[in-house]
Structures are given as C-alpha cells and as structure tokens.
Amino acid sequence: MRDTLLIALYAFAGAAVTGLAGAAALRLLRRRSLTVSLAAVAAVGVGGVLAGTLAVAWAMFLSPHDLTVVTTVVAMAAVVSLATALLLGRWVVARSRELTLAARSFGEAGDFAAPAAPATAELAELSRELAATSARLAASRERERLLETSRRELVAWISHDLRTPLAGLRAMSEALEDGVADDPGRYLKQIRTEVERLNDMVGDLFELSRIHAGTLPLAPSRISLYDLVGDALAGADPLARAHGVRLVGDRVEPVPVEVDAKEMSRVLGNLLVNAIRRTPADGTVAVAAERAPDGVVLSVTDGCGGIPEEDLPRVFDTGWRGTHARTPPAGAGLGLAIVRGIVEAHRGRATVHNIPGGCRFEVTLPAAP
C-alpha cells in the first residue's frame, strides 16, 4: 500500500510540473493559431504521462527494461496525439476562416450566408447569431432608406408648396406697392389667406419635429369620446358644407379615455379634413367610436374611392401624398404623419384599410381604467 501511494505521489508531482509548464506555454501562445494551442494541449497530456513515468523510474520503482517499454509506448502515443491535435486544429481553423469570410458581407451591405460545411456547436451557434444580426441590419438599412426617401420627398414637396404662395404674395405685394391693384381689399384678403396657410404648414412642421424628437408634451385627462367627436364634428362642419359633404356621427359610444384632449382633437380634425377633401360632393364622412377587445377604436370613413394597395403602407409616412393629392389645399403631406405620431405617443396605433367606395382610418387607444 505504501509503494502505491509513493508511486501516485511521484507520478502526480511529475505531471504537475508538466502541467504548470504547459499552462505557461499556453499563456505565451494565446495569440497564436488554435492549431498551435491544441498541439500544446496534446503535448501537455502526453508530457505529463512521460514526466510521471520518469519520476517513478528515478525513484527506482521501475526496472530499466520496464522504463524503456513505457517510454516507447508514451512516445508513440505522443506522435498520434500530436497528429490528431494538428488535424483537429486545422479543421476548426478552416471552419473559422469560412465564417470570417461570410461575416465580411456585413460591411458590404450584403446578407449573411452561413457556411455549408459542418462546424462545431460553438461555431454553429455563432453562425446563427450572425444570421440574426444580418437580418436586423438589413431591416435597419431598409428603414433608413425609407426614412431618407421620405425626407427627400418632404423637402421637395414643402419647397414646392412654399414657393407657390410666396410667389403669389410677392406678386400681390408688388401690385399693391405699385398701385396697379384693381381691388386692394381682395388682394389683402388673399394675402391673409396665404399667410394663414403658410402659418399652418410651419405649425405642422414644428409639431412633427417635436413628435420625432420625443418631446411632444402631453397632459392626459379623462374625457368621453362622445364629447371629443362632437367638438371635432362641429369644427369640421363649415368645411364639409363648403365641399357638399355630409358628416355623420351616430355610432359614437360615450367611452371614457385618458388622452390629451388638445392633441387628440388635432388627430380627429386632421382625419376629418383629409376625409372631407377626398370625398366627392354629396358624399358622406362617418365617424364612429366603440369599445374593442384591445381598447377603444375611433374610426373615420370617407368616400374617396379607395387607396391603391401598394400605397396603403405609406399613407402615414412623413411627406407622402397620393398622386391626386398634389393640389395646394392638400398641404405638405404632414397631417397623417402627425396623426400617427400623436396616437403612438398615447400608446395607441393608427391604421387604414379600404372598404367598398372608400377607406376607413382607425385609431386604437387604450381604454381608460
């Protein structure tokens, strides 16, 4: 029993010395290839066996013949171990290089294509994470592209819409200044109309900038949708009469909500103005408010004839206007973008879909507790 303990002690001491030397070597080789590290690990394992054997032989527990046999066996094991470690290391390094080449497509605005060759579980997991990251980056690039397109359209349309009234104001002011205006009162009235229109456009831009910056101030209070819709219908009635459009609000439930009354009045007013201008004379614009499983739904239905399916996803984009919405009263295409921004600031959502003869805009808000 005593001899067995001594053999174990000497073998452990020899293997421990080899292990410490191997740990130091791995620290020095930590920046080298994985193949070198695997070879070093294999060498440490075989070297530990050999060191323990030599320590036992030095203590004279083995005969010279037995030492020669054991040393030969360990040497052969070392050759096989090192060869296996080198092959494994080269295989892992090759898989890593393939993954590196595939990951370079990120910087080239391309999609990540995982290597088809089999890899270790860790490399496979890394490949899946890279694929998911690639999908997120592609979605981010698409959002950035759409935002840039929307920004360019907004700048172009606002420039056009500003140039027209400014040119008119300049012409009318020069006519008044030169004293060639036949009816100065009519000119002054038209100047005031154009100035109010410009003021509305600037106000819309300021409101939209606050929405995008996340600084839109909200003062929520508990109100009834019945009162909110009633005030909005009263405000939009003169415009509806001027366009020969009927306003209907007979499906409005007195549902309580906690919203900023001023901002939600603007939402409903923008939707009504948009619906009235798109509905032909003798048409109807209907407003409804009712409970729904996911909150409260406020809807405005018009008779515009419908929106092309390919345009539906862009209706709430900043600066977007349909092909028939380029007339001056249509504004700069900010009304519906403001609607979506205000609704989302209230933790709601704004949607639109076609119905027979027109379309329906729906605003879904959280129900008041």
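I began with the criterion for a salt bridge, which I took as a side-chain nitrogen of Lys or Arg within 4 Å of a carboxyl oxygen of Asp or Glu. The model is predicted, so I noted that local features need pLDDT of at least 70 and that side-chain atom pairs count only at pLDDT 80 or more, while totals for chains, interfaces and linings use all residues. Residues are numbered from 1 along each chain as its sequence is written, and side-chain values use heavy atoms, with hydrogens and water left out.

**Entry 1: salt bridges in the helices**

I counted eight salt bridges in the structure. I looked up arginine 145, which forms one with glutamate 142, the closest N and O atoms being 2.5 Å apart. Both belong to helix 4 (residues 121-178), where a spacing of three residues separates them by about one helical turn; helices here are DSSP runs of H or I with at least four residues, strands are runs of E with at least two, and both are numbered from the N terminus. For exposure I used relative accessible area with a 1.4 Å probe and protein chains only, calling a residue buried under 20%, exposed over 50% and partly exposed in between. On that scale arginine 145 is partly exposed at 44%, and glutamate 142 is partly exposed at 36%.

In helix 4 I also found glutamate 174 and arginine 170, four residues apart, about one turn of the helix. They form a salt bridge with closest N and O atoms 3.3 Å apart. Glutamate 174 is partly exposed at 37%, whereas arginine 170 is exposed at 58%.

I then moved to helix 5 (residues 184-213), in which arginine 210 and glutamate 207 are three residues apart, about one helical turn. Their side chains meet in a salt bridge at 2.8 Å, N to O. Arginine 210 is partly exposed at 21%, but glutamate 207 is buried at 4%. Salt bridges with shared partners join Glu207, Arg210 and Arg266 into one network.

**Entry 2: aspartate 260**

Which side chain of opposite charge is nearest to aspartate 260? I found lysine 262, 7.2 Å away, and aspartate 260 is buried yet has no salt bridge; for charge, Lys and Arg count as positive and Asp and Glu as negative, with His and the chain ends not counted. Aspartate 260 sits in the loop between strand 3 (256-259) and helix 7 (261-278). Its side chain reaches the backbone nitrogen of lysine 262 at 3.1 Å. Not counting residues up to four places away in sequence, aspartate 260 touches Pro217, Leu218, Ala219, Pro220 and His346, where contact means heavy atoms within 4.5 Å.

**Entry 3: nonpolar cores**

I treated a nonpolar core as a set of buried Ala, Val, Leu, Ile, Met, Phe, Trp, Tyr and Cys residues joined through side-chain atoms within 4.5 Å. The largest such core has 46 residues, of which Leu272 and Phe361 touch the most other members. Leaving aside neighbours within four places in sequence, I listed the contacts of phenylalanine 361, among them Leu271, Leu298, Val300, Ile307, Val315, Phe316, Leu336 and Val352, and also Asn274 and Asp302. A second, separate core has seven residues, including Met172, Ala181, Ile191 and Leu198.

**Entry 4: strand 7 and its partners**

I followed strand 7 (residues 358-365), which pairs with strand 6 (residues 349-355) in the antiparallel sense over seven bridges; pairing requires that DSSP finds at least two bridges between two strands. Strands 6 and 7 form a hairpin with two residues between them, and glycine 357 in the turn has a positive phi of about 90°. Across this pair, asparagine 354 stands opposite cysteine 359, and arginine 349 stands opposite threonine 364. Strand 5 (residues 295-301) also pairs with strand 7 in the antiparallel sense, over six bridges, and valine 297 stands opposite threonine 364. I noted that strand 7 is mostly covered, with six of its eight residues buried.

**Entry 5: the chain overall**

Of its 369 residues, 34% count as buried. Among contacts between residues at least 6 apart in sequence, 71% join residues at least 24 apart.

Notes:
A polar contact is a pair of N or O atoms within 3.5 Å; within protein, one must be able to donate a hydrogen and the other to accept it, and residues adjacent in sequence count only if both atoms are side-chain atoms.
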